[in-house]
Amino acid sequence: MRTLVERSNLKALQGRTFSSFFPQENQKLAYSRASEFAERPEGWLVLLGGVGTGKTHLAAAIGNRRLELAEPAIFLVVPDLLDHLRATFSPAGETPFDELFESVKTAPLLILDDLGTQTTTPWATEKLFQILNYRYMMRLPTVVTTNVPLEELGDRLASRMADPELSIPVSIAGPDLRTGRESATQRPSPPPGRGRPPQRGRYS
Ligand SMILES: Nc1ncnc2c1ncn2[C@@H]1O[C@H](COP(=O)(O)OP(=O)(O)OP(=O)(O)O)[C@@H](O)[C@H]1O
Ligand SMILES: [Mg+2]
């Protein structure tokens, strides 16, 4: 069986780089935060915004830049991660659950795309919390994208993701660049600097 890293790598997103991203006004802050993070991943970078605002592209660009520097990065779409974990949880799974879970928990750089879109079961919620809580405690570099307002991810996750000691939340307002349609919420990005509280309201 291919490893989790191989199954969840950036191959399909190899074209999503900083040089293929032409930041519009509303994306400039997120672009600069993401490119700084890519050069020196420290703490957490949380990209918030409506559908089609460039979150996945920037998250993948971070991963691609780390690979270019011959540094490790694991890019995982959260619902896929939970599927992998569920599959290995069964006795038929070829990769032991613990091994997989540990490799995600301890990855030197973990990029979690689309947090909050997964079907939530108590089990999935707990597994995700364990991964993020470990990374929070260990201060491990992590990128999270979501189009769900932080507070809707639950108090425990929201609190960690908004901790100014560790995390930089950056929101991207603007239209859906796939369709050109305005997203439901138009919200200015917070000014530079750590310590911003999570942005309130619905992003998609
Ligand atoms: N500034 C940009 N320059 C070039 N391409 C862009 C830019 N912003 C977004 N795109 C492209 O627009 C499309 C949508 O972006 P992306 O997939 O990153 O959105 P998203 O915020 O992750 O959306 P969702 O919430 O639906 O996952 C992608 O094809 C992406 O490459
Ligand atoms: Mg996306």
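Modeller: One definition comes before the rest: a residue is buried if 20 or more other C-beta atoms lie within 10 Å of its own, exposed if 12 or fewer, and partly exposed in between. Note also that this is a predicted model.

Biologist: Is Asp114 buried or exposed?

Modeller: Asp114 sits in the loop between strand 3 (110-113) and helix 6 (122-138). Its phi is near 70 degrees, a positive value in a residue other than glycine. The burial cut-off is 20 or more other C-beta atoms within 10 Å. Asp114 has 20 such atoms, so the answer is buried.

Biologist: And Ala70, is that residue buried or exposed?

Modeller: Ala70 lies in the loop between helix 3 and strand 2 (74-77). Ala70 also has a positive phi, of about 60 degrees, although it is not a glycine. Because Ala70 has 6 C-beta neighbours inside 10 Å, it counts as exposed.

Biologist: What pattern do the helices and strands follow along the sequence?

Modeller: The protein has seven helices and five strands. Of its 204 residues, 43% count as buried. Read along the sequence, the pattern is α-α-β-α-β-α-α-β-α-β-α-β.

Biologist: What share of the contacts between residues at least 6 apart in sequence join residues at least 24 apart?

Modeller: The count takes in contacts in the protein between residues at least 6 apart in sequence. The share of these that join residues at least 24 apart is 76%.

Biologist: Which residues in helix 5 meet helix 4, and how are the two helices oriented?

Modeller: The axes of helix 4 (residues 78-89) and helix 5 (residues 97-105) come within 8 Å and cross at roughly 155 degrees. Angles over 145 degrees count as roughly antiparallel, so helix 4 and helix 5 are roughly antiparallel to each other. By class, their contact has seven nonpolar, two polar and no charged residues. Leu81, His84, Leu85, Thr88 and Phe89 in helix 4 meet, in helix 5, Phe97, Leu100, Phe101 and Val104.

Biologist: Which helix gives the largest share of the shell around ligand 1?

Modeller: Ligand 1 is surrounded by 18 residues, the closest being Gly54, Lys55, Thr56, His57 and Leu177. The shell divides into five nonpolar, nine polar and four charged residues. Its largest share, three residues, comes from helix 3 (residues 55-68).

Biologist: Leu47 is in the largest nonpolar core. Which residues is Leu47 in contact with, leaving aside neighbours within four places in sequence?

Modeller: The largest nonpolar core has 47 residues, and those touching the most other members are Ala34, Val46, Leu47, Ile62, Ile74 and Ile111. With neighbours within four places in sequence left aside, the contacts of Leu47 are Ala30, Lys55, Leu58, Ala59, Thr145, Val170 and Ile172.

Biologist: How far apart in space are Tyr31 and Phe18, C-alpha to C-alpha?

Modeller: Tyr31 is in helix 2 and is buried, with 20 other C-beta atoms within 10 Å. Phe18 is in the loop between helix 1 (4-7) and helix 2 (28-39); it has 16 other C-beta atoms within 10 Å, so it is partly exposed. Not counting residues up to four places away in sequence, Tyr31 touches Phe21, Pro23 and Leu58, while Phe18 is in contact with Ser35, Ala61 and Arg65. Tyr31 and Phe18 are 13 residues apart in sequence, and their C-alpha separation is 8.0 Å.

Conventions. Residues numbered from 1 in each chain as written. Chains lettered and ligands numbered in written order. Predicted model: local features only at pLDDT ≥ 70, side-chain atom pairs only at ≥ 80, totals over all residues. Near = placed C-beta within 6 Å. Helix = DSSP H or I, 4+ residues; strand = E, 2+ residues; numbered from the N terminus. Nonpolar A, V, L, I, M, F, W, Y, C, P; charged D, E, K, R; others polar. Core = buried A, V, L, I, M, F, W, Y, C linked by C-beta atoms within 7 Å. Contact = placed C-beta atoms within 7 Å. Axes fitted to C-alpha atoms, helices over the stretch in contact; angles between N-to-C directions. Parallel < 35°, antiparallel > 145°, perpendicular 65-115°, else oblique.
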